[in-house]
Amino acid sequence: MIKQIKGLHHVTSIARDARENNAFFTNVLGLRRVKKTVNFDAPDVYHLYYGDEAGTPGTVMTYFPFPNAGRGTHGAGEVGRASFSIPTGSSQAWLDRLATFAVTGLSQDTRFGQKRVLFDGPDGDGFALVESDDERSPWTGNGVSAEMGIRGFHSADMRLRDGDVTGELLQFMGYEKGDTQDNVTRFIVPGGNDANVIDLEVTPDAPRAQQGAGSVHHIAFAVENRARQLEVREALIDTGYQVTPVIDRDYFYAIYFRTPGGVLFEVATNEPGFDRDEDTAHLGEALKLPSQHEHLRARLEGLLQPLDD
Ligand code: ZN
């Protein structure tokens, strides 16, 4: 078992419309856009990052908006829902707020004793807001006060036909198996960054998910630095996983591997962070390009849809 993983780092999903995506995460959910860059592997599309003030690992929801993407189909073999943490007692304020913005899929329930507000993102993405005692500081503005602001991720839900092997993998990654409610088993990493929970939902008869707009592309787990990342990489390889080499994503270093259930996992470093190429006061405002794509700037600035009015 390894102990280097400290919870979620980011969740990355696919969208269709960049403007709509930006408006939803900033104006409706009240997150801060902390980086406006491109998909390093397909620079004709944006890579947009939303989080707290600094884009602290464990708070960052990211999107690849592909203008022609078809909508994904939810099912088994994917991360079916990403959940954010909100203050205890703020569910009703969020239900009211999301209704005002005509957000779809609104409902509420209780899981493992915590109240949740469930809703859909712009492309049918599954989201929840979970009431929990969470000391992290929220980004505020756009009508979202500190009393209700999102603290960062609470958890991610993996929907699988068979949870056994993934449950073993999570325990190898340092997660402890917690309670089970209906077909959902909770896994918690001790000593994490507060985005500490993975819920495994086992649905043996569900059709397989088809990835598209509204689907999670991958989830990333946080490690402190590159040395810890190399230890994790070696341990995963020793266990039989096929892991990519370390890839420089400018704001963190990444390795990727696919889980037996079909979900793409990443392990990302907390360093160097989103302020490496712009001041914290102006994060997310300018189009930032990695050096290998800087020569494409004029073409990309003409091609990419403006996000702000
Ligand atoms: Zn990633």
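I began with helix H3 (residues 164–172), which lies across strand E9 (152–160), E10, E11 and E12 and runs at about 170 degrees to E12. I took helices (H or I, at least four residues) and strands (E, at least two) as DSSP runs, numbered from the N terminus. Axes are lines fitted to C-alpha atoms, for helices over the stretch in contact, and angles run from 0 to 180 degrees between N-to-C directions. Contact means heavy atoms within 4.5 Å.

I noted that this is a predicted model, in which local features need pLDDT of at least 70 and side-chain atom pairs count only at pLDDT 80 or more, while totals for chains, interfaces and linings use all residues. Residues are numbered from 1 along each chain as its sequence is written, and side-chain values use heavy atoms, with hydrogens and water left out.

**Entry: the sheet**

I looked up the strand order and found an open sheet of eight strands, E6-E7-E8-E5-E9-E12-E11-E10, with mixed pairing. Strand E6 (107–111) and strand E10 (176–181) are at the edges with a single partner strand each, so one side of each has no neighbour in the sheet. From one strand to the next, the twist averages 25 degrees. Two strands pair if DSSP finds at least two bridges between them.

I then checked one pair. Strand E11 (residues 184–188) and strand E12 (residues 197–202) are antiparallel over five bridges. Valine 184 stands opposite glutamate 201 in E12.

I also looked at helix H2 (residues 91–100). Helix H2 lies across strand E5 (78–86), E6, strand E7 (114–120) and strand E8 (126–131), at about 10 degrees to E7.

**Entry: the zinc ion**

Which protein atoms are donors of the zinc ion? I found His10 (NE2), His218 (NE2) and Glu266 (OE), lying 1.9 to 2.0 Å from the ion. Donors are N, O and S atoms within 2.8 Å of the metal (3.2 Å for Na, K and Ca); water is not among the atoms, so sites may look incomplete. The donor residues are spaced H-x207-H-x47-E in sequence. Histidine 10 lies in strand E1 (residues 8–15) and histidine 218 in strand E13 (residues 216–223), so the pair ties together parts that are 208 residues apart in sequence.

Are histidine 10 and histidine 218 buried or exposed? I found both buried. Buried means under 20% relative accessible area, exposed over 50%, and partly exposed in between (1.4 Å probe, protein chains only).

**Entry: two residues**

I picked isoleucine 198, in strand E12. Isoleucine 198 counts as buried because its relative accessibility is 0%. Leaving aside neighbours within four places in sequence, its contacts include Leu8, Leu170, Phe187 and Ile219.

I picked alanine 15 next, in strand E1. Alanine 15 also has 0% relative accessibility, so it counts as buried. Not counting residues up to four places away in sequence, alanine 15 touches residues including Tyr63, Phe66, Asp123 and Ala213.

**Entry: the whole chain**

I listed five helices and 16 strands for the chain. The radius of gyration is 18 Å, close to the 19 Å that the globule rule gives for 309 residues, so the chain is as compact as a globular protein of that length. The radius is taken over C-alpha atoms, and the rule is 2.2 Å times the number of residues to the power 0.38. Of the 309 residues, 59% count as buried.
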